[in-house]
Amino acid sequence: MNYRHHYHAGNFADVMKHAALVQLVRGMQRKDKGFLYLDTHAGRGFYDLAASSRGDTLQRKPEHPDGIGRLVAQPVLSGQTTLTPASTARPPSAPPPPLATRPPFASPPLLASPSPFALCLPLASRPPFTTPSPLASRPLLAPPSPLDDYLGIVRAFDRRNGNPASSASALRYYPGSPWLVRALMRSQDRMTLCEKHPGEYLALHGEFLKEPRVSTHELDGYTAIRAMLPPPEKRALILIDPSYEAQDEYEKIAQAIREALRRMPAATIAVWYPLTERARADAFLDRLAMLNPPPTFAAELTIASASSPSAPKMRGCGMAVVNPPWQIDQTLRPLLDTLASRLAQVPGGTATLDWIVRE
Ligand code: SAH
């Protein structure tokens, strides 16, 4: 397990996954009854974008400027967007400023040096992080667009973690899927976060130590599906977001979906997948169809066409959703269209949402 998500945090794939995830949570919350959010591959939860260019041995090209960086950047007159590196917010080596208002927060020991996080992560304490529902907070205004909904949470997270420069154009701290969903959780909802990598788990555990209704587990995410379903709430949103290091990852996912549906036929299951090889993604979607699932769609975003010589290795990504909240496709399609136009790196950005089994 060599994968470390912080190199990729805030890239276009994170943006697509997280913006869609926010809408899935909102969709689940159309019903009052609480639900379990199960994140089988949770990562560390908190990412310092200023550390993403620091590899273990070599400098890396940060990916967030072409992802979240494009969305928070202010447009300039030419119609192009300015890509402000996160590191200009504050020197990467500077720790977050002490916030007098933060209550004590006893975080466990963090990764041993030379972790790129060593100087950035040990936050003494943090105020609670919740985002009120858009309707509750602005009763007289229309709810924000799905993109603004997601960006609002990301900006609030950045500010809350002490980025004084958090503005339209300079983001430093980026929430992983656990914090994004935590921001939306109601008192009747619950979260279970699984992470197998010991160092990543330690960081994740420290992030959520004091959070009510959140449990963290140093556990194989696929095992968690057998161990944690069905939950007492009888409603669940499951995010399966692996690092695709295992050769048989797609088969593991298919088996996990089959097991989850056997235990809980109405579970909502979202699977993120990369578009590095079209054929492998198609084989996975065929395999998914063979499970004879309840309503299921695959939403995809590409940021470069396969024929483009300068296309990056991962030229897109997808999210397959089993049992999606009713009519969520109508929210996701325009969101994906916007992302395709804002995030395309060379001509050829596309967005699709195709039903595998119609609702
Ligand atoms: N969901 C996160 C990103 C996760 S990246 C987010 O959106 O912010 C994938 C994570 O899965 C990595 O942290 C990796 O360490 C972890 N991982 C890999 N194999 C795993 C497994 N079998 N079970 C649980 N976690 C695993």
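**Entry 1**

I started with residues 75–122, where pLDDT stays under 50. The model has 84 contacts beyond four places in sequence for residues 75–122. This is a predicted model. Where pLDDT is low, the predicted coordinates should not be read in detail. I left that stretch alone after that.

I then looked up the confidence of the whole protein chain. The average pLDDT is 84, and 78% of the residues score at least 70.

**Entry 1: the chain overall**

I listed the secondary structure of the protein chain and found 10 helices and 10 strands. The chain has 359 residues, of which 45% count as buried. I also looked at contacts between residues at least 6 apart in sequence. Of these, 75% join residues at least 24 apart.

**Entry 2: Tyr-7**

I went to the segment before helix H1 (12–28), where Tyr-7 sits. Is Tyr-7 buried or exposed? I found 20 other C-beta atoms within 10 Å, so Tyr-7 is buried. Setting aside neighbours within four places in sequence, I noted Ser-52 and Arg-60 as its contacts. Ser-52 is 45 residues from Tyr-7 in sequence, yet their C-alpha atoms are 4.6 Å apart.

**Entry 3: H1 against H4**

Next I took H1 and helix H4 (residues 146–160). Their axes are 9 Å apart and they pack at an angle of about 105°. Angles of 65 to 115 degrees count as roughly perpendicular, so H1 and H4 are roughly perpendicular to each other. On the H1 side I wrote down His-18, Ala-19, Val-22 and Gln-23. On the H4 side I wrote down Pro-146, Leu-147, Asp-149, Tyr-150 and Ile-153. I sorted the residues of this contact into six nonpolar, two polar and one charged.

**Entry 4: around the ligand**

Which residues are closest to the ligand? I found His-41, Gly-43, Gly-176, Ser-177 and His-197. In total, 20 residues surround the ligand. I sorted this shell by type: five are nonpolar, eight polar and seven charged.

**Entry 5: helix H6**

I checked helix H6 (residues 198–208) for buried positions. They are Glu-200, Tyr-201, Ala-203, Leu-204, Gly-206, Glu-207 and Phe-208.

**Entry 6: H7 against H8**

I compared helix H7 (residues 221–228) with helix H8 (residues 249–263). The angle between them is about 10°, and their axes are 10 Å apart. Angles under 35 degrees count as roughly parallel, so H7 and H8 are roughly parallel to each other. Tyr-222, Ile-225 and Arg-226 of H7 meet Lys-252, Ala-256, Glu-259 and Ala-260 of H8. I counted four nonpolar, no polar and three charged residues in this contact.

**Entry 7: backbone exceptions**

Most residues other than glycine have a negative phi, and most peptide bonds are trans. I looked for exceptions.

A cis peptide bond joins Leu-229 and Pro-230, with omega about -5°. I placed Pro-230 in the loop between H7 and strand S6 (236–240).

Asn-292 is not a glycine, but its phi is positive, near 55°. I found Asn-292 in the loop between helix H9 (278–290) and strand S8 (296–302). Asn-292 has 10 C-beta neighbours inside 10 Å, so I noted Asn-292 as exposed.

Gln-327 also has a positive phi, about 60°, although it is not a glycine. The loop that holds Gln-327 runs between strand S9 (316–322) and H10. Buried or exposed, I asked of Gln-327? Gln-327 is exposed, because 10 other C-beta atoms lie within 10 Å.

**Entry 8: Ala-340**

I finished in helix H10 (residues 329–343), which holds Ala-340. Ala-340 has 21 C-beta neighbours inside 10 Å, so I marked Ala-340 as buried. What does Ala-340 touch, not counting residues up to four places away in sequence? I listed Leu-301, Gly-349, Thr-350 and Ala-351. I also looked up Glu-300, which is 40 residues from Ala-340 along the chain. The C-alpha atoms of Ala-340 and Glu-300 are separated by 9.6 Å.

Notes
Residues numbered from 1 in each chain as written. Predicted model: local features only at pLDDT ≥ 70, side-chain atom pairs only at ≥ 80, totals over all residues. Helix = DSSP H or I, 4+ residues; strand = E, 2+ residues; numbered from the N terminus. Buried ≥ 20, exposed ≤ 12 C-beta atoms within 10 Å, placed from the backbone. Contact = placed C-beta atoms within 7 Å. Near = placed C-beta within 6 Å. Nonpolar A, V, L, I, M, F, W, Y, C, P; charged D, E, K, R; others polar. Axes fitted to C-alpha atoms, helices over the stretch in contact; angles between N-to-C directions. Parallel < 35°, antiparallel > 145°, perpendicular 65-115°, else oblique. pLDDT = per-residue confidence, 0-100.
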